[in-house]
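Thanks for coming, everyone. Stop me whenever you like.

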Amino acid sequence: MELKELQRHIMTLATLEESEAPVVSCYLDLETSGYRTVLSERVHLLRKTFPTAEKRQDFEAAVALIEEYLALGIHRDTNGLALFARGGSQRFFLPLQFHVSVPNWIAVGSLPNIYHLVELKDTYHRFVVMLSAEDSTRILGVNLGAITQEIWDRRPELRQRVGRSWTKDHYQSHVRERTNQFLHEGIQVLEGMMLADGYKHLILAGNPRVTSRIRQALPKQLAAMLVDIVHASAQDAVSDVVRATLLSFIEQEEQESLAFVDRLQEAIHTDGLAVVGARASMQALQARQADVLILAKAYCPDPSWICAACEAMEVETAMPNRCPRCREPELLALDVKETMVRLAEQTGCGVEVVNHSDALMRLGGVGCLLRYLAPDQYHRRAA
Ligand SMILES: [Zn+2]
């Protein structure tokens, strides 16, 4: 799947209107053999949580959609599956297959749970691999861990050294020249593909003799996008090379996430455009002030609630008996992480998921870089 396709699906899920029927969000890790058991155990347990026959019926309808899809057969390259299903009068079903795996995780709620999709998008997004040898070039577009684009080229056969008409030196310089020309043509194709499709990251793979020549010949713009150089030989399977570049890319992506934490800290130090903590981050997202939401993978917010009647919400505060705003008694537990990610996707705010950062955990595990200050923040600071 292409990244922009996933982005489109995330938007569909993030803007889905609530209905009476529950949404089942089902992530399955097909790399493990036990995903079937996990699914049936979770369904068995969730089934018992519905108080009315009507709700339970809607839930069963959603589960039936999932079961039907699983029975149809999954593509054999699929390692991760995300299914979103709802029964009732406003039926909804969206299945997504991925080359990379996702954790087994099945939940039910009034809205789809998109956090794992957003994490996937942030971790794996997209890059280009140029796998080169002296006589062949492969340019691969890798989206969400799978090859989605491939351009292959082979250098035309070289003239054989004939009799004595060519000296050895003459022949070798001919080979060098033709190889150089071939590599340069490859770089031009690479540049065309990266710029046309908006790729921002490049990994070179191949024999170090060749990759170092390519590196030196890269135009400035591409050189700035170079993430890593991976050693590979012409005999390696393309899938192995892609796996190696994927690991390198994930590492690079984590470095980029940590750079966002640095920017967050820096902005906090200088009283700049940033907020940290659940409450302030939620407010910034709701006011559309947030530019990037930075979230620790281990972030686990304290219980929070939302009023079913007036949608007032309180983050990391114990649930009162009644809504302090409208006095209605029906208050619901609020999934803060999910709500933040949904708001971010709805408003075009970037999301960075950080694997390990003590600095971010000290700041409460979550923060936002802001586009601008709200007027009251500005006046307070100016005063
Ligand atoms: Zn209320």
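Helices α1 and α4 are roughly antiparallel to each other. That label is used for angles over 145 degrees; under 35 is roughly parallel, 65 to 115 roughly perpendicular, and the rest oblique. Here the axes of α1 (residues 3-14) and α4 (residues 115-124) cross at roughly 155 degrees and come within 11 Å. Axes are lines fitted to C-alpha atoms, for helices over the stretch in contact, and angles run from 0 to 180 degrees between N-to-C directions. Helices are DSSP runs of H or I, at least four residues; strands are runs of E, at least two; both are numbered from the N terminus.

Two source notes. This is a predicted model: local features need pLDDT of at least 70, side-chain atom pairs count only at pLDDT 80 or more, and totals for chains, interfaces and linings use all residues. Residues are numbered from 1 along each chain as its sequence is written.

Back to the helix pair. α1 passes α4 in a left-handed crossing, meaning the near helix is turned anticlockwise from the far one by less than a right angle; clockwise would be right-handed. Who makes the contact? On α1, L3, L6 and I10; on α4, L117, V118 and K121. Contact means C-beta atoms, placed from the backbone, within 7 Å.

Next, the sheet. Four strands form an open sheet in the order β3-β2-β1-β4, with antiparallel pairing. Strands pair if DSSP finds at least two bridges between them. β3 (92-98) and β4 (105-109) stand at the edges with a single partner strand each, so one side of each has no neighbour in the sheet. Neighbouring strands are turned by 5 degrees against each other on average, direction ignored. β2 (residues 80-86) and β3 pair over seven bridges. In that pair, L83 stands opposite P95 in β3.

Two helices lie across these strands. α2 (residues 35-47) lies across β1 (23-29) and β4, at about 155 degrees to β1. α3 (residues 53-72) lies across β1, β2, β3 and β4, at about 145 degrees to β2.

Last, two loop residues. D271 is not a glycine, yet has a positive phi of about 55 degrees. D271 is in the loop between α8 (238-269) and β10 (274-276). Is D271 buried or exposed? Exposed, with 8 other C-beta atoms within 10 Å. The cut-offs, with C-beta atoms placed from the backbone: 20 or more others within 10 Å is buried, 12 or fewer exposed, in between partly exposed. E316, also not a glycine, has a positive phi of about 50 degrees. E316 has 16 C-beta neighbours inside 10 Å and counts as partly exposed.
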